[in-house]
Amino acid sequence: MMRQYELVERVQRYKPDVNEALLNKAYVYAMQKHGHQKRASGDPYFSHPLEVAAILTEMHMDEATIAVALLHDTIEDTTATRAEIDDLFGPEMGKLVEGLTKLKKLDLVSKKAEQAENLRKLLLAISEDVRVLLVKLADRLHNMRTLDHMPEAKRLRIAEETMDIYAPLAGRMGMQGMREELEEIAFRFINPEAYRAVTARLAEIFERNKGVLTDIEKALSALFEKHAINAGVKSRQKKPWSVFRKMEAKALSFEQLSDIFGFRVVVDTVEDCYRALGAIHTTWSMVPGRFKDYISTPKQNDYRSIHTTIVGPSRQRVELQIRTREMNKIAEYGVAAHSIYKDTGGKTNGAGHAISKETNAYAWLRRTIEQLAEGDNPEDFLENTKLELFQDQVFCFTPKGMLIALPRGATPIDFAYAVHTDVGDTCVGAKVNGRIMPLMTELKNGDEVEIIRSKAQVPPAAWESVVVTGKARAAIRRATKNAIRKQYSGLGARILERAFERAGKTFAKESLKPVLHRLARKDIEDVLASVGRGELASTDVMKAVFPDYKDERVTSAAPKQREEGWSKIRNAAGMLFQIPGRAARKDKDQPGAGAVPIRGVRGDLPVRFAPEGAVPGDRIVGIVQPGTGITIYPIQSPALQAFDDQPERWIDVRWDIDERTKERFPARVSVTAINAPGSLADIAQVVASNDANIHTLSMVRTAPDFTEMLIDLEVWDLKHLNRLLSQLKDNSSVSDARRVNG
């Protein structure tokens, strides 16, 4: 185990003016707090934070970050408290240590939700200070290096979490060396058989090609010497996970892989990068489509390099990366290489830490976290985070030349949301390279995208299955939820207006504000939406607003009284729901003008039809079903009698049919057919010839001469249904055909 003075010496090698007192204090405090705790390996627990600190010294991190690494498990695993660390080390370090502490006693139903909430807490802490990220990745790396000592089931879960989240996160931050090591260890535990096979094959191929690699290195070095370019040339081999992933994704064999080996050319200046490229391309042929310039257009994680593939000295394909020494350092260590506490000319922030320009990678991460943290449930947050971390990128431009980096497979909808959420929400079309293209078009590198907008647009819920970015998916989901909530809110307001009117009161939204705490709702819209969804009874709202209110309705009446009450309600409802054929009612002065529009079962509100169905032309009524939405009944349905003592559940609804979008509606009919061969075929022929559709068919009663069947049909409207029934009655195989109403 590394001693106290050894840790200080490690930091002194790259930071001579190290704050020894801080490191010594953190070392002693963490060692005392962890005391006699042991790791699964049997080693003293304190060896873990010490190794995490050692990993960070390899990245040349400042002493404050090293101290946080020493303390990172104290709040979670010892008697240490945030207040104690604030008192001893200052509130800034206390905040960093708390950001690395997992949430305890989570009241969540699934392990996935718990994982997501811990990730959300970590990412929010990272968004405030990048040092939380660096310590967490170093912590995960040491845990992976010692994973053999964990129980098998836990090993697999930790390895999968590392592959899903922490390795991609390191890659997004440009920390390629750490990403590759995390992936390799995780691969070994997730698929040990494949890991052994790929590793053995790579070792075999390396032995076979050692001589060729040396020859190419010499040829490249000689070329650069000839052109007076100071360049280091080194061969590199793809890592096992990278090889396996490519073989799986593209269904390739080892023999088909052309880039198992590559060469890195490291030069002094950006100018030398392009001089080296010119020397290479004028000596050997370039493979078309294999050139990428990430110096002029850096990746979002600040990676800069020139990639090219040539037909090399021995007529084989050779993949090359050309970069400066500074670019090489950033490619290896990412945000850690920027060293946000160094070379700032003595400028410091309020906490005494040096100020540096925020890296592109960290700025991207902060923006992403802000977008992902806006109200998604835990599982959605986890899914969207993975979406953001995993994807390879394409680079597109706005008409004004602004660069937008997107995941591969992104669409103009993703592009619109990447520009701004409002742009995405109002997007109705797109021009790609000057031509109007479908919104589902997959964007390519260099595309110029212009978004066509309309303030009347609401993003369709179906877009969620089209987009590939977490930001777009989360925004569409929020917009859909808001649209549904708005409809439920309007529905709830109408229910309450009627309830208040029955009680002789006047309804005003403001009257709900003082009683929100009694209704356990956060705002007025939440109350209205809950009433609209049937989760909150209108009588409960009445009692909250008017504590002395008593519901004087009779819930148990004699049959005759019930029938009289039902008749009144039915007659009143008949006045409310007089729908003239299929026309949508637009005139506000006519009955039903304020009713909820019904377009079938594909709208925003969860709407379903009663078993007997309802078709345009029927007078209809909606019944709120708590937690599930609205069920539509034809006004003549006997089933409505069950709700005659619950008038608050009756909703004013109307047909609102779009003539341009043909849609069939459900209707149930009873057919009595002659029991003879071919009768069913005759019935089916009548239905088909009338452009209707049989959804389900069941035999209700079979006698020697007749068979009674129930048929659930799909028809356009009431006229269509009546015409069909008339033709069924006229058929020689049918004795009777009639509509079933409940």
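This is a predicted model: local features need pLDDT of at least 70, side-chain atom pairs count only at pLDDT 80 or more; totals for chains, interfaces and linings use all residues.

Modeller: Helices (H or I, at least four residues) and strands (E, at least two) are DSSP runs, numbered from the N terminus. Residues are numbered from 1 along each chain as its sequence is written, and side-chain values use heavy atoms, without hydrogens and water.

Biologist: Which residues of H15 are buried?

Modeller: In H15, residues 325–333, they are Met327, Ile330 and Ala331. Seen down the axis, these buried residues fall within an arc of 100°, so they line one face of H15. The arc is that of the directions from the helix axis to the C-beta atoms.

Biologist: What makes Arg325 and Asp268 a salt bridge?

Modeller: A salt bridge needs a side-chain nitrogen of Lys or Arg within 4 Å of a carboxyl oxygen of Asp or Glu. Here N and O are 2.6 Å apart, so the pair meets the definition. The two lie in distant parts of the chain, 57 residues apart: Arg325 in H15, and Asp268 in the loop between strand S2 (261–267) and helix H14 (270–283).

Biologist: Why is Arg325 called partly exposed?

Modeller: Buried means under 20% relative accessible area and exposed over 50%, with partly exposed in between (1.4 Å probe, protein chains only). Arg325 has 42%, so it counts as partly exposed. Asp268, with 41%, is partly exposed too.

Biologist: Which salt bridge does Arg477 form?

Modeller: The side chain of Arg477 meets that of Glu464, at 2.3 Å, N to O. Arg477 lies in helix H21 (residues 470–502) and Glu464 in the loop between strand S11 (449–453) and H21, so the pair ties together parts 13 residues apart in sequence. With a relative accessible area of 11%, Arg477 is buried, whereas Glu464 has 24% and counts as partly exposed.

Biologist: What are the accessibility values for the pair of Arg668 and Asp712?

Modeller: Arg668 has 22% and therefore counts as partly exposed; Asp712 has 18% and counts as buried. The closest N and O atoms of their salt bridge are 2.8 Å apart. Arg668 is in strand S18 (residues 665–674) and Asp712 in strand S20 (residues 706–715), so the bridge ties together parts 44 residues apart in sequence.

Biologist: How many salt bridges does the structure hold?

Modeller: The structure holds 26. Lys15, Asp17 and Glu63 are linked in a network of them.

Biologist: What about helix H1: which of its residues are buried?

Modeller: In H1 (residues 4–12), they are Leu7, Val8 and Val11. Their arc around the axis is only 100°, which puts them on the same side of H1. Their cover includes helix H2 (20–34), helix H3 (47–58) and helix H4 (63–71).

Biologist: Which residues touch the most other members of the largest nonpolar core?

Modeller: Of its 96 residues, they are Leu56, Ile66, Met175, Met178, Leu220 and Ile280. Helix H12 (residues 192–226) gives the most to this core, with 10 residues. A nonpolar core is a set of buried Ala, Val, Leu, Ile, Met, Phe, Trp, Tyr and Cys residues joined through side-chain atoms within 4.5 Å. A second, separate core of 53 residues includes Ile495, Phe609, Val615 and Leu725.

Note on methods: Contact means heavy atoms within 4.5 Å.
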